[in-house]
Amino acid sequence: MSRHIYFVPAVLVFAIGLALTPVRQAAAADSKGISATACQPFLPTTYAEARFQDNAIYNPTAVNQRVICPVNKDYFGDWVAGDVTLQAYIKAGASPGKVSCTLYGGGASWGGAQAAYTATSAVVSAGTASSFSIADIADPAVPYSIEGWNVLCTLNAGMSLGGFYFVEDGDTDGAT
Amino acid sequence: MPRLQLLPILAIVAAVSVVIGLTLAGGRHRSIGPFGGSQTAPDEALAQMMQTQAEILRRLDRLESSRVDRQGRLPGTPPATGPGRAGNGHNDMSAAAIAAQQASAIRERENKFVNEPLAAAWAASSERTIGKALSAASLAKEGATVPRNLESTCHSDTCRISMSFDNEQQADFTKVVFLEQIGETLPQADIFQQSNPDGSVRYLVYARRANAGAARR
């Protein structure tokens, strides 16, 4: 037998090794949960007025209270309408109520533009949970001077915010 | 040791030999193969190596193309046109460049607005919504400040709202309350701020109804 017979397994070993080498690719989409405990009271709301629980923020007062929460963008480049959705989980207390959330990008006072996307839930019956989404989100057609997205939510009396589900349907780094 | 058990070791040695051999033989005449004798096996090896190299290049292409954004830029790459979209290209900008960029963006946004056709019924209804949201009765409930010099004009998809405040704190909080109030009618907005030396602030807001933004891109 020719000594060349050893050449074939050598190439095979090399080819198999190459085929098994993992190639890290950007994720095609990134979905994540955002805990409500990442939020902070938005003045004039205080921590006494936006009560933090182990899995939610509760408005124990008789008037509207606001909290602001970070939304980490993992998308490469600009968001395009239809690619991004932010879903908020809410629950009513002893009386029916609503929650309104506005997603902010950029900062108006920093030059450029600030983008804002608002959605308000339907009235949620007392003691029940619900969710609603901010959709049709896109980076503004005009530029803004700072990166950074936040969602600011207003909770009616007795309402709770349980967190968010954030979907970026496009090339992301897949990170949390 | 049986010959079969030696195969993996021989395979590895052979693999290393192939690489070294091909490297050394790269510039030689084709008739002198790395292993001598028959030319068939080295030719096959060369073909497979080239195939492997092509596969590696294909993988690199795939990896690179999956990382570019919709403008074809790699992450962190400054934009190809203009002074830059600082929020996306992450390039540094001077205050003058930011101001110039904002002025240009306002001109662009205003041009789109003035060219938008008028839908009288929708415009009148939306202007009423804006007026109500910025009324003293509505803002007082939330502890927000009533703006000065309020002007609002709506066309068919977009409303332009201009308003002034004594300071940025008043402006910022009223903006939050205002956007909540108009959210059901005008859920999307681009907001520009002009800060004056006396601390007063003027907002220029282009608020639009849902899905109107799709036509912008």
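B:Arg148 is partly exposed, with a relative accessible area of 36%; partly exposed lies between buried (under 20%) and exposed (over 50%), using a 1.4 Å probe and protein chains only. The model is predicted: local features need pLDDT of at least 70, side-chain atom pairs count only at pLDDT 80 or more, and totals for chains, interfaces and linings use all residues. Residues are numbered from 1 along each chain as its sequence is written, chains are lettered from A and ligands numbered from 1 in the order written, and side-chain values use heavy atoms, without hydrogens and water.

**Salt bridges**

- Twelve salt bridges are found over all chains; each is a side-chain nitrogen of Lys or Arg within 4 Å of a carboxyl oxygen of Asp or Glu.
- B:Arg148 pairs with B:Asp166, the closest N and O atoms being 3.1 Å apart.
- B:Arg148 sits in strand 1 (residues 148–154) of chain B and B:Asp166 in the loop between strand 2 and helix 7, so the pair ties together parts 18 residues apart in sequence. Helices (H or I, at least four residues) and strands (E, at least two) are DSSP runs, numbered from the N terminus.
- B:Asp166 is partly exposed, at 45% relative accessibility.
- B:Glu110 forms a salt bridge with B:Arg160, with closest N and O atoms 2.3 Å apart.
- That pair links helix 4 (residues 95–114) to strand 2 (residues 158–165) of chain B, so parts 50 residues apart in sequence are tied together.
- B:Asp157 bridges to B:Arg209, at 3.0 Å between the closest N and O atoms.

**Helix 7 of chain B**

- Its 15 residues (168–182) should span 21 Å at 1.5 Å a residue, and the end C-alpha atoms are 21 Å apart, which agrees. The expected span is 1.5 Å times one less than the number of residues.
- Its buried residues include B:Phe173, B:Val177 and B:Glu180.
- At the helix start, a side-chain oxygen of B:Asn167 reaches to within 3.1 Å of the backbone nitrogen of B:Gln169.

**Chain A and the cores**

- Chain A has one helix and eleven strands.
- Of its 176 residues, 49% count as buried.
- The largest nonpolar core holds 34 residues; A:Leu86, A:Leu103, A:Val151, A:Leu161 and A:Phe164 touch the most other members. Such a core is a set of buried Ala, Val, Leu, Ile, Met, Phe, Trp, Tyr and Cys residues joined through side-chain atoms within 4.5 Å.
- A second, separate core of 31 residues includes B:Ala133, B:Cys159, B:Phe165 and B:Val201.

Technical notes. A polar contact is a pair of N or O atoms within 3.5 Å; within protein, one must be able to donate a hydrogen and the other to accept it, and residues adjacent in sequence count only if both atoms are side-chain atoms.
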